[in-house]
Amino acid sequence: MLRRAVQLLGRGMASEPRTYVLAVGSSAVFGVTTVAISQVLGKVTNAVVVPALDGSASARGDIWPAGLAIAAVALVLAAGVAGRRIFAGMGYVDLQAGHRTRIARQLLRQPMSWHRRHATGQLLANASSDVEAATAVFNPLPFALGVVVMFVVAAAALLTTDVWIALAAFVILPVVLLVNVVFERRMTPAATRAQQLRGEIADIAHESFEAALVVKSLGTEDREESRFAERAMRLRDANVRLGVVRAVFDPVMDLLPGLGTLLVLVVGTARVAAGAVNTGDIVAAAYLLTLLAVPVRAFGWVLGDLPRALVGYERIARVLDAGGEPAHGDLRLPADGRGARVELRGVGVRVPVRPSLPLRESDPDHAVLLEDIDLDLAPGRTVALVGPTGAGKTTLVTLLNRLWDPTSGTVLIDGVDVRDVRPADLAAQVALVAQSAFIFEDTVRGNVTLCDDEEPGAPTDAQVWAALRLARVDAVVSALPGGLDSPLGERGSSLSGGQRQRLALARALVRWPRVLVLDDATSAVDPRVEQQILAGLRTAARGDGRDFAPTVVMVAYRMSSVLLADEVVHLDAGRVVDRGTHDELIARDPGYRDLATAYERESERRAVAAEPDSEPQELTTQEADR
Amino acid sequence: MTNADTSADHTIGSSGTLGVWATLRRGVQVSPELLEGFRVTLLLAVLAACGRILVPIAVQQTIDGGVLASGGPDVTRVAVLAVLAALGLLLGGACAAVVNVRLFRASESGLATLRVKAFRHVHDLSILTQDSERRGSLVSRVTSDVDTISLFVQWGGIMLLVSILQIAVATALMAVYSWQLTVLVWLCFVPLLVVLRPLQKRVNVAYTRVRERVGALLGAISEAVVGAETIRAYGAQARTQRRIDTAILATRDAAVRAQNLVSLVFSSGVLVANLVLAVVVVAGTYLGVAGALSAGKLLAFLFLVQLFTGPVQMATEVLNELQNAVAGWRRVLAVIDTPVQVIDAGDAGVVSPRGPATIELRGVGFAYPDGPPVLSGVDLTIPARTSVAVVGATGSGKTTVAKLIVRLLDPTAGQVLLDGVDLRDVRLAELRRRVVMVPQEGFLFDATVLENVVYGLPGADAVGHEPAVRVAVANLGLTGWLDGLPQGLATPVGQRGDRLSAGERQLVALVRAYLAEADLLVLDEATSAVDPVTEVRIARALDSLKHGRSTVTIAHRLSTAEASDLVVVIDAGRVVEVGHHTELVASGGIYAAMHRSWVSQTR
């Protein structure tokens, strides 16, 4: 623990050497001048105040120089304090910035499988509260180091004056340190507990408010209130416990220098009686003690923040030490002006049942999401992926651009294993539009291009408009006051669900990818508009070297969309049941027929049921005792 | 419904409406615990402050009566004095400890009450008000805003109280020793106090900027987490990194600027406090020479000035904390003081017994605040034991009908009646038991499937409900789906249910509502992401419910309408057609056209 603590502090300071040399240096100046103030006051008392009041004329002449001497030391002291605080603060925020930069790099570098294993809230806490916890100790650290210097100088000054007074003054020091240690021992767990409860309360409030509509519609306000109140009362108790520790500690810390001063007065008077010292020496020693009251607490602050810092640092380190990005090759995937061939060979995906752990092949606790998928999709074809809820459709399409890697088998684009392709090429040529569109807090243009304006290769405005038009969202954007420059709020909150989906579609279309993957990407879009969009994809490929139709893989429920596909793949329980044209599957695949004709058959069944005396049968068992 | 056009009535009051005193008064009103036993606490605090001036008195007595005593140093006298002073110090310390404990207890109890009241109030607010505010900002009002107050009380509040008393008592003693020096000391500190106020404002502005920058930074980082898929799918890592780097740098710069300002203010406090020492020594010595002051009293002044130094040095920080705490308090109080739009009739309300439910809309109109009418002149009766489908184009107002029926909103004109009683007169708790809505995006809690589906049921024992859940799942024809989940009912759904697909989340929400056994179930596009076979199966299961209950289904997919007893067609905020599917198809109106287009899409 101690070694790790020293390491943490050492490494932190070493990472900002210039700042910390200045911070600790200023703090040392502060330590020395604090002792100097008391010494000067002692000297002035001896040489000026007491003799002057006794009637010494020469002492009276020294009154102004004495005042100036004190003022001079005060100036240096204030400069030391300013330097200490400024550089300590700078070091602290620079350390924070460094941690956050490294965490952000890691968040962007890690594969999706890593992201899926970590809760969003936890990763955000790593970048916010954990960074704060890990760095907070650096705020009082230069202060504490300066106080060490102060102690050494004070001890030397007192010892040269009188050993007995020095002893009397320093007898409280071990007590102060002891009280500090005891206090921190009690304070730290109490503070940790309170902090943890604050986190839990925030989690409950977050979840509960996000669920507000459900809470209302089920009338569970009381239940939510008692869930929250229970935690709030525990936090209250934890805060009071924490408060009681401080309530006792603060007066004790105020008391100790006072008691020390009284002891110095008694011993000092005795030493004056013995003729060893004079009034000024007592004043200097007593005054020094009152000056020490606040600085000795700096140790308490450092000690108090250390355990939190270690925990925070560990949590950050867990993110930073996570293995790098998944292996990828550097084969180029040429943009050769045609749709790409997409192949899946013996593809299977298994996930551990406990999702927080990485998958080990030997782990018996796993669920099969996909198994033995063999597919070969010809360039430029439109393929619909159809299957019941939970069949694995989304999992399958996310393999194509490596948001997920299969646990067995290979995914090939134009015959190249996607794991061997340069990530940039894959991103440029395989575009996936997800079920729920993610919109950045950025302008419309930024959201479509995902490029900075001056970036080479960024799509032109004309290309952006063309993509918006193709996604049938151009009218919405034209109606915005800033057009392409209109800012979209956090998560695109100013747009409706269907508008967000179409904007995400434009983001894919502006790239004119060789493989376009639509994962139920138009579910919130009006069916008629959806038809126009899908039909447009096949005819609008014109100009800019974009005169080819991409290979389209779409997950769809609407038969109208499915009918636009050249080919249908029927997926159920993670396996390909059959593939072929819609008509072929209708003819030979009963499961597909069920899906495709569900509404039709239901209408017919109903028509029959509507005959006079065919009451639908009783269903529920709970109904009986209602 | 977006938050673009909500009027002041539907939004949570922003800060700045209450002054500092009004905030404190209102705060005490909401949390009366704060003032419990305050007089005793104050008395003890005065005693504690008196304890602090014992050391300067001891210094004066030691110097004048001991060291510089006419008969030479009097050690016995100093020793007796020191023991007495020590006892006084201990007593004062004990008082201080008791004061602290009492303040912590009172304030934490008061804040816990405040927190829970505000939390509950958020749930009591209408959905319009809830939606007018970011969820995150609502959360911060019951978390960090209250924590700010708590932290202030634990640190700054006590410091403020102690400092004021300490300065008062120190001034009194100084005045006893020498009024001239007292005036001088005050004259030195007053200018500092005068400049502190504007400086504190600047400090506050600087820290507000830091908080904004931190907020933007966390927002940028959260995009890297929440948008992880999109960023990878489009290779936008480098760009996102640049955006985050910019935010980190901006935060760092703002923090450095704020800290530099505070450092300068703090060290000027240090400078003034120590310059006062020089002033006291010079002026005091002249006064002493003039015979107005003894050496002991002069030296005691040096110690008394120390009692000023701490408070003055901390003043900007304490004032800043105070302002943050008051601002936080104001934000929490603003939640509590936001009027509830959908008011619960409570115990005065009409008792609404369980049983078949009839809903009637009489001349109902609705407009969102400052918005055009969404519904107007809607007359509609939904008889008991009937299944009704409400259809219409996007934006026609059909979802609003659902919200009015379950009383998430009150109509701006006309009445909605349940069994002949205006919904506004029905006890809300009973209404919620009888009428349950399944929204399109049913929120799932970070728990297992089982815990999520039994969420609305009484009793905390989820496992005890398991048999009933299995029956419900079977009735809805979802057993196959459930068995396909990795751990069946024990499958964790993840945050917001993100380990399930959108369709699966809807299934969980549906089972949850089904288990509530309401007399009327309102489904707002509740199966829009579910595959057709499952949807048809669910529709059929719900259909069989009508023997005890009614269902109102807001539907995009017209399969539901085909199956309903009654189809209600809404167009531009008005009911334009009502009747059975076959009748409406035959009549060749709006519904017939909608249905034709639906059939062509699905077959």
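**Reading the model**

Author: Let's start with one residue: B:A572 is partly exposed, as 14 other C-beta atoms lie within 10 Å. The cut-offs go like this: 20 or more other C-beta atoms within 10 Å of a residue's own make it buried, 12 or fewer make it exposed, and anything in between is partly exposed, with C-beta atoms placed from the backbone. Keep in mind that this is a predicted model, where local features need pLDDT of at least 70, side-chain atom pairs count only at pLDDT 80 or more, and totals for chains, interfaces and linings use all residues. As for names, residues are numbered from 1 along each chain as its sequence is written, while chains are lettered from A and ligands numbered from 1 in the order in which they are written.

Reader: Where does B:A572 lie?

Author: Look in the loop between strand 9 (566–571) and strand 10 (574–579) of chain B. Helices (H or I, at least four residues) and strands (E, at least two) are DSSP runs, numbered from the N terminus.

Reader: What is the phi of B:A572?

Author: First the general idea: most residues other than glycine have a negative phi. B:A572 isn't a glycine, yet its phi is positive, near 45 degrees. B:R407 is another non-glycine with a positive phi, of about 60 degrees.

Reader: Is B:R407 buried or exposed?

Author: B:R407 counts as buried, because 22 C-beta neighbours sit inside 10 Å. You'll find B:R407 in the loop between helix 12 (398–405) and strand 4 (413–418) of chain B.

Reader: How many of the residues of helix 3 of chain B are buried?

Author: Eleven of 14, so call that helix mostly covered. Among the buried ones are B:L54, B:V55 and B:P56 at one end and B:G66 and B:V67 at the other.

Reader: Where does helix 3 of chain B bend?

Author: A bend at a residue is the angle between axes fitted to the seven residues ending there and the seven starting there. In helix 3 (residues 54–67) of chain B, the bend is about 25 degrees, at B:Q61.

Reader: Now strands. Which way do strand 6 and strand 7 of chain A run?

Author: In general, strands of a sheet pair through backbone hydrogen bonds, either parallel or antiparallel. Two strands count as paired if DSSP finds at least two bridges between them. Strand 6 (residues 430–433) of chain A runs parallel to strand 7 of chain A, with four bridges joining them. One place to look is A:L432, which stands opposite A:V517. Strand 7 of chain A also pairs in the parallel sense with strand 8 (residues 551–555) of chain A, over five bridges. There, A:V515 has A:T551 as its bridge partner.

Reader: Which way do the residues of strand 7 of chain A point?

Author: In a regular strand the side chains alternate between the two faces of the sheet. Here A:V515, A:V517 and A:D519 point one way, A:L516 and A:L518 the other, and all are buried. Since five of the five residues of strand 7 (residues 515–519) of chain A are buried, that strand is largely enclosed by the rest of the structure.

Reader: Which strands stand at the edges of the open sheet in chain A?

Author: Four strands of chain A form that sheet, in the order 2-1-4-5, with antiparallel pairing. Strand 2 (366–377) and strand 5 (416–417) of chain A stand at the edges with a single partner strand each, so one side of each has no neighbour in the sheet. Eight bridges link strand 1 (residues 342–352) of chain A to strand 2 of chain A, and A:V342 stands opposite A:L377.

Reader: How many helices and strands does chain A have?

Author: Chain A has 25 helices and ten strands. Its radius of gyration is 37 Å, well over the 25 Å that the globule rule gives for 626 residues, so chain A is more spread out than a compact globule. That radius is taken over C-alpha atoms, and the rule is 2.2 Å times the number of residues to the power 0.38. Along the principal axes, the C-alpha atoms of chain A fill a box of roughly 120 × 70 × 55 Å.

Reader: How many residues of chain A are in contact with chain B?

Author: Two residues are in contact if their C-beta atoms, placed from the backbone, lie within 7 Å. By that rule, 146 residues of chain A touch 148 residues of chain B. Helix 12 (residues 221–273) of chain A gives the most to chain A's side, with 30 residues.
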